[in-house]
Amino acid sequence: MHLDSADHVSHVAYSDGKGTCPAGFPVPIPELSILLKYPASDGTKVLLASGPTYTMHADFFNAWDVAEMAKLTSVCLDAGVKCNRDTSF
């Protein structure tokens, strides 16, 4: 199965906010969340070097245990199950 497009964008779409993919986009992509807290008295005045706060990005380095990642991939992604940090096996 080929999961890319010529523009590297049009083959993906955001979910409905409840984890459901729109029709025509049957392959879920794992979502990573990063929470950062900065001491600021007024968050409305926060500006990043790249612009407004929505321009922030991060890099991801995979350091998962190989066996645990394989298990999560099988139990969650391959099975089409929405797992989260509270999922226990």
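Predicted model: local features only at pLDDT ≥ 70, side-chain atom pairs only at ≥ 80, totals over all residues.
1. Start with the largest pocket. Its volume is about 2000 Å³. The lining of this pocket comprises 39 residues. Nearest its centre lie Ile29, Pro30, Glu31, Leu32 and Leu77.

2. Next, look at the make-up of that lining. The largest pocket is lined by 23 nonpolar residues, 10 polar ones and six charged ones. Glu31 is among the residues nearest the pocket centre.

3. Turn to the surface. Four residues, Ile34, Leu36, Tyr38 and Met56, make up a nonpolar patch there.

4. Is Ile34 buried or exposed? Its relative accessible area is 58%. Exposed means over 50%, so Ile34 counts as exposed.

5. His8 deserves a look at its backbone. Its phi is positive, about 60°, although His8 is not a glycine. His8 also belongs to the segment before H1. The relative accessible area of His8 is 55%. That value is over 50%, so His8 is exposed.

6. Now move into the helix. Lys71 is part of helix H1.

7. Finally, check a separation. Which distances part Lys71 from Asp7? In sequence, the two are 64 residues apart. In space, their C-alpha atoms are 32 Å apart.

8. Go to Ile29, Pro30 and Leu32, among others, for the centre of the largest pocket. Lys71 marks a position in helix H1, and His8 marks the positive phi.

Methods: Residues numbered from 1 in each chain as written. Heavy atoms only, no water. Patch = residues over 30% accessible without salt bridge, like charges linked within 9 Å, V, L, I, M, F, W, Y side chains within 5 Å. Areas by Shrake-Rupley, 256 points an atom, 1.4 Å probe, with all protein chains shown as cover. Salt bridge = Lys/Arg side-chain N within 4 Å of Asp/Glu carboxyl O. Buried < 20%, exposed > 50% of the residue type's maximum accessible area, 1.4 Å probe, protein only. 1 Å grid on protein atoms, 1.4 Å probe; cavity = no way out; pocket = protein on both sides within 12 Å on 5 of 7 lines; lining within 4 Å. Points joined across faces, edges and corners; volume = space filled by probe spheres on them. Nonpolar A, V, L, I, M, F, W, Y, C, P; charged D, E, K, R; others polar. Helix = DSSP H or I, 4+ residues; strand = E, 2+ residues; numbered from the N terminus.
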